[in-house]
Amino acid sequence: MPFMPCLIRRFLAGLALAAGLATLATARENDAIAGTLADELLADRVGLVREWIVQIPFDSAGYRLQHIVVADGMVIAQSGDGGVHAVRAAALDPASHPADGDTHGQPQVGTLLWSQRIGKVGGPVEIAGVGPTLIAVARDLDLYGLDSDTGQTRWHDRFGRIPAAGAMPSGNWVYVPLYSDGVLRLPVDPHKHNTVKRKPAVTDNKPVDKKKKAVEQKTPESLAPFLIDAGGLLEQAPIPLADGILWCTNNGTLVALERKENEWQRHQFLLGSPPAGPPRVRGNAIFATTVEKTLVRIDLLESGGSGLKWKWEVSLRAQSDPGVFLSADTLVVSLGDAGIEAFSTETGKVLWPPPKPGHTRLAGQILAANVEDVWCIDRTGRLASLDLADGSRKHRANLGIFSLPVVNATSDRLMLASPDGVLVSLAPRRIAPAQAPRPAPAK
């Protein structure tokens, strides 16, 4: 038929156009990342591997990427147009979330899992709180609960007040700090009753058989919003602590809510001065800095008592910047212009001694720490790394288009982001296992 060759030509022309656009996009990408650590060759030179690179889909002509949260197995990026975007990332426990392939129902790392628009454009957007099954996002007077697997809105609540900071899921609950009104607790799943075990009351006129085990009763907890006394004003998002929650007030009061078998227990600890940034939690250990130039470790007791117990406290040479970073048994903080220092997580002892006369310690905003390096943005606006073992300077690199700082205190990945939505994950280079010596050739 005469029109078939025409259709074929149009089809081939379409393929050529698509190929040309793909080539053009690749060329532009390569031009954009040239000279930065997003370039695989440069990353390899500094001991990193480009794990993945992805373009977050949003209207980058009119809006910018705002918040990026690195969580266990997921990165959540928020854009100014109300977009919430989830990218599959490496899990903290690789055994629970295999990174290779789809053998356990998990997509490969670097896969864009979903994008969701919430609320109206405009109004303040708080940083998202990421839980195992729910993403909580406060926007203006609204709070959205998004399914972590699909991004679909599970529920939407509207408050008469603007949240003081981001909401955070922990256990079966979501905690929202409010200005002057405490912390509001809502259920992760408003349709599922959470039960607590209670023992039946014992009356005086009934003998108690001590040999008989007490019968436990399950009572559903109320799903109605519950306002918790914060113990002071809050400007920081709460932090998950086991199945409970932790927050720090503006006057330096640490408040921990611990879930016990039959009840909730509240513990408080006075830091003595306002916090210099959000605390960092690892297991039952809490690390916090204050504006009075102190670094302190407090532990949540598991046995031999209950509550928060002071373990150690050290004086700092200067007030710290927000953020405490951990790698193995090393704790790293930035002391502003006084430089970056490292301490033992067990004793608080300084691991990096003062710099030699005539030398200054590298100062900058810490982005991430891994088993070998501490990465930061130095005072010249370039990426720089320190050796985790002794604090010596190692590498420097240009940021290029990646001018949006991504602070990752969760994993060992260095994350780079551009305001128009290019997101890169850089993993520390793995050392190949030692190979067995080859047998000598037979003579």
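**View 1. R297 and W312 face each other across two paired strands.** R297 has W312 in β23 as its bridge partner. Strands here are DSSP runs (E, at least two residues), numbered from the N terminus, while helices are H or I runs of at least four residues. Strand β22 (residues 294-300) pairs with β23 in the antiparallel sense, over seven bridges; two strands count as paired if DSSP finds at least two bridges between them. This is a predicted model, in which local features need pLDDT of at least 70 and side-chain atom pairs count only at pLDDT 80 or more, whereas totals for chains, interfaces and linings use all residues. Residues are numbered from 1 along each chain as its sequence is written, and side-chain values use heavy atoms, with hydrogens and water left out.

**View 2. Four strands make an open sheet.** Their order is β20-β21-β22-β23, with antiparallel pairing. At the edges are β20 (280-282) and β23 (308-315), each pairing on one side only. On average, neighbouring strands of this sheet are turned by 20° against each other, direction ignored; the axes behind this angle are lines fitted to C-alpha atoms.

**View 3. Strand β17 is largely enclosed.** Five of the five residues of β17 (residues 244-248) are buried, so the rest of the structure largely encloses this strand. Buried means under 20% relative accessible area, exposed over 50%, and partly exposed in between (1.4 Å probe, protein chains only). In a regular strand, side chains alternate between the two faces of the sheet. In β17, G244, L246 and C248 point one way, and I245 and W247 point the other way.

**View 4. Two hairpins involve β17.** On one side, strand β16 (residues 239-241) pairs with β17 in the antiparallel sense over three bridges, and I239 has L246 as its bridge partner. Two residues lie between β16 and β17 in their hairpin, and A242 in the turn has a positive phi of about 55°. Strand β18 (residues 253-259) runs antiparallel to β17 and is joined to it by four bridges, with W247 opposite V255. The β17 and β18 hairpin has four residues between the strands, and there G252 takes a positive phi near 95°.

**View 5. P428 is a buried residue of strand β32.** P428 lies in β32 (residues 422-428) and counts as buried because its relative accessibility is 6%. Leaving aside neighbours within four places in sequence, P428 is in contact (heavy atoms within 4.5 Å) with G47, L48, N370 and D412. V371 is 57 residues from P428 in sequence, yet their C-alpha atoms are 8.0 Å apart.

Conventions:
Axes fitted to C-alpha atoms, helices over the stretch in contact; angles between N-to-C directions.
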